[in-house]
Amino acid sequence: MPFARLAAATTPTCHIGLGLAAVGRPGYINLGRDQDLGENRSVEALRTRTHELLDAAYAQGVRYFDAARSYGRSEEFLAEWLNARPSFDDIVVGSKWGYTYTAGWSTDAEKHEVKEHTLQAYERQRAESDALLGTRLDLYQIHSVTPDSPALTDKDLHARLAEAAAEGLTIGFSTSGPAQAAAIRAALAVTVDGEPLFRTVQSTYNALETSAGPALAEAHDAGLTVIVKEGMANGRLADPYAPAALKAVAQETGLGCDAVSLALILREPWAGVVLSGAATTVQLVSNLHAAAVDLDESQLERLGSLAEEPGAYWERRGQLPWH
């Protein structure tokens, strides 16, 4: 299990990872993206930005890096960075398959990604990931599993994933949508030759969307490593968009709304890695302050009042424009 490498880490930031969704492609749904990236979103500009973020993250103790086939050139950028630093052998690298990037490096494409959870899609995208990341790829996740995903019932796909696991690749899945808990529980029941197939789960969990919490606790108890994504709710929990209650708690701690939001997740006993989705090094440094935030009962109670009904949360997320 590659995440055993993190158990030996002594830095307080080792349980914070860096996700590359916001910097591997010119368009994404995060709020404030125009200010974060500016007008120059060329391949070279985002390659440089990604490498600077990876350098800063590693220097401050981050050891998990998360990409996906649909995150534009995220795997390519990460692979270049890794290849230039062969001595960095304490890193865990994860990627995802199941969505194909279709925007052609444009911010106003009609479709930015297309979902396909078939054996054929896995074979094609696994070859693409291997060509870039090779033996540095530790974790391969099915991207955004929902309860109706064919990836939960396709026995041929399960057999191929089990073969990859037997060869040393850790197999996981991510979830999205208002029925994340149901998808997690369905995935926990998937076995091959009597053995559980999945060893990690990556789900959306934040102050506004807490519905997956009990199922993530069950996954942790079953031995899976839990990775939390979208801890900032695509920017809705960052200044200046954060709710008043969050801003008040952040002011009391003397740190940013982002650090408080991520700290709220880090305190969950089932949270193995919490992803930063920073697009700038300033954001990254602020995010990493989460490791130093200590929330009292009053603050936790006020932050707990922010949770939304899952359907409403995901409807709002679906309305966020690609910037």
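Ala-183 has its place in helix 7, residues 180–188, where helices are DSSP runs of H or I with at least four residues, strands are runs of E with at least two, and both are numbered from the N terminus. The model is a predicted one, in which local features need pLDDT of at least 70 and side-chain atom pairs count only at pLDDT 80 or more, while totals for chains, interfaces and linings use all residues. Residues are numbered from 1 along each chain as its sequence is written, and side-chain values use heavy atoms, with hydrogens and water left out.

With a relative accessibility of 0%, Ala-183 counts as buried, a class that means under 20% relative accessible area, with exposed meaning over 50% and partly exposed in between, for a 1.4 Å probe and protein chains only. Once its neighbours within four places in sequence are left aside, Ala-183 is in contact with Val-145, Thr-146, Pro-147, Phe-173 and Thr-175, contact being defined as heavy atoms within 4.5 Å. For Pro-147, which is 36 residues away from Ala-183 along the chain, the C-alpha separation is 4.5 Å.

## Helix 3 with helix 4

Two packed helices are described by the angle between their axes and the distance between the axes. Helix 3 (residues 43–59) and helix 4 (residues 74–83) pack at an angle of about 55 degrees, and their axes are 10 Å apart; the axes are lines fitted to C-alpha atoms, for helices over the stretch in contact, and the angles run from 0 to 180 degrees between N-to-C directions. Helix 3 is therefore oblique to helix 4, given that angles under 35 degrees count as roughly parallel, over 145 as roughly antiparallel, 65 to 115 as roughly perpendicular and the rest as oblique.

The axes of helix 5 (residues 119–133) and helix 6 (residues 155–166) come within 9 Å and cross at roughly 30 degrees, which makes helix 5 roughly parallel to helix 6. Leu-119, Tyr-122, Glu-123 and Arg-126 of helix 5 meet Asp-156, Leu-157, Arg-160, Leu-161 and Ala-164 of helix 6, a contact with 5 nonpolar, no polar and 4 charged residues.

Arg-124 is also found in helix 5, and its relative accessibility of 35% places Arg-124 in the partly exposed class. Residues up to four places away in sequence not being counted, Arg-124 touches Thr-100 and Glu-116. Arg-124 and Trp-97 are 27 residues apart in sequence, with 9.3 Å between their C-alpha atoms.

## Helix 10 with helix 11

Helix 10 (residues 257–266) and helix 11 (residues 281–288) have axes that come within 7 Å and cross at roughly 45 degrees, and the two helices are therefore oblique to each other. Their crossing is right-handed. Asp-258, Ala-259 and Leu-262 of helix 10 make the contact with Gln-283, Ser-286 and Asn-287 of helix 11, and by class this contact has 2 nonpolar, 3 polar and 1 charged residues.

## Backbone geometry in loops

Most residues other than glycine have a negative phi, and most peptide bonds are trans. Trp-105, although not a glycine, has a positive phi of about 60 degrees; Trp-105 lies in the loop between strand 4 (99–101) and strand 5 (113–115) and is partly exposed at 21% relative accessibility.

The loop between strand 11 and helix 9 holds Asn-234, a residue other than glycine with a positive phi of about 55 degrees, and Asn-234 is buried at 5% relative accessibility. Pro-240 is likewise found in the loop between strand 11 (225–229) and helix 9 (244–253), and the peptide bond from Asp-239 to Pro-240 is cis, with omega near 0 degrees.

## Cysteines

With a disulfide taken as a pair of cysteine sulfur atoms within 2.5 Å, the count comes to 0 disulfides. Cys-14 is buried with a relative accessible area of 4%, and Cys-257 is buried at 3% relative accessibility.

Key. A crossing is left-handed if the near helix is turned anticlockwise from the far one by less than a right angle, and right-handed if clockwise. Ala, Val, Leu, Ile, Met, Phe, Trp, Tyr, Cys and Pro count as nonpolar, Asp, Glu, Lys and Arg as charged, and the others, Gly among them, as polar.
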